[in-house]
Amino acid sequence: MLLAIDIGNTTVAIGLFRGAKLVKDWKVRTEREKTADEYGITVLELFRSSGFKPEAVTAVIISSVVPPLTPVFQDLSRAMFGLKALVVGPGLRTGMPILYENPLEVGADRVVAAVAAFEKYGGPLIVVDFGTATTFDAVTAKGEYLGGAIAPGIQISAEALYLKTAKLPRIEIARPKKAVGRTTVASMQSGLYFGYIGLVNNIIAEIKKELGGQAKVIATGGLSTLIAPEVKAIDSLEPHLVLDGLRIIYERNRDDRMNG
């Protein structure tokens, strides 16, 4: 079985694959201070509670946007599974040319999601990842990663209102019943929710103009189920897109090693 690990700023997504099938996935909170031993205890408990044995894992692949945690999970892979993990980055074949001016600046999760989306849907396409930040990634008809846009995530926006004002409270992100709020909380929810939908719609429209043709729009990320249903431009919701991309990249590099 393949263990795929995506280390994000808010959560670490963990997926177990048997072949091309994702048989189990978990999310744990990203905690930069945790050691490999501490994360190992968490992963072992997740395995046990779901009826999986660590010995079943034959390969590990990692993508990370939290550099201090990358070696932590590499250590975890060696200690818990006796395996050297593949890490998405320079030297690992993704099968997707990166047209960014500096390819090293692109977050690993953005490339991985783009790889999975292109594999399933072809191009041109736009991947919208609703996470800590909301990222918009453009892929050409040829399968080239072109670039995109980065906006503050809706949760970051809500937190900024709370932290930077004297009287506004911390609120839950939810769809308000009406655009015209009659309480402070309802007014904040309206501004955040409907305002964010406008942001997403506008950025998608602008990227579509530059891509030309009818680009497909694929949504993923932890907050995608909240926002995506309201955005008519989104064609498909793929909650496990990054995990699927990690599997695809692992298979491409495994095949390279076998052929070499």
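Let's start with helix H3 (residues 108-121): at 1.5 Å a residue its 14 residues should span 20 Å, and its end C-alpha atoms are 20 Å apart, which agrees. The expected span here is 1.5 Å times one less than the number of residues. Helices (H or I, at least four residues) and strands (E, at least two) are DSSP runs, numbered from the N terminus.

This is a predicted model, where local features need pLDDT of at least 70 and side-chain atom pairs count only at pLDDT 80 or more, while totals for chains, interfaces and linings use all residues. Residues are numbered from 1 along each chain as its sequence is written, and side-chain values use heavy atoms, leaving out hydrogens and water.

How much of H3 is tucked away? 10 of its 14 residues are buried, so H3 is largely enclosed by the rest of the structure. Buried means under 20% relative accessible area, exposed means over 50%, and partly exposed is in between (1.4 Å probe, protein chains only). The buried residues of H3 include Ala108, Asp109 and Arg110.

Helix H5 (residues 184-211) passes the length check too: its 28 residues should span 40 Å at 1.5 Å a residue, and its end C-alpha atoms are 40 Å apart, which agrees. Among its buried residues are Met188, Leu192, Tyr196 and Leu211. What do the buried residues of H5 pack against? Their partners include strand S6 (125-130), strand S7 (133-139), helix H4 (154-164) and helix H6 (224-227); contact means heavy atoms within 4.5 Å.

**Rings**

Rings of Phe, Tyr and Trp (its six-membered ring) pair if their centres lie within 6.5 Å; planes under 30 degrees apart count as stacked, over 60 as edge-to-face and the rest as tilted.

| Pair | Centre to centre | Angle between planes | Type |
|---|---|---|---|
| Trp26 and Phe52 | 6.5 Å | 90° | edge-to-face |
| Tyr193 and Phe194 | 5.5 Å | 85° | edge-to-face |

Trp26 is in strand S3 (residues 21-29) and Phe52 is in the loop between helix H1 (36-50) and strand S4 (59-64), so this pair links distant parts of the chain, 26 residues apart. Both Trp26 and Phe52 are buried. Tyr193 is buried, at 2% relative accessible area, whereas Phe194 is partly exposed, at 30%. Ring pairs also join Trp26, Phe47, Phe52 and Phe81 into a cluster.
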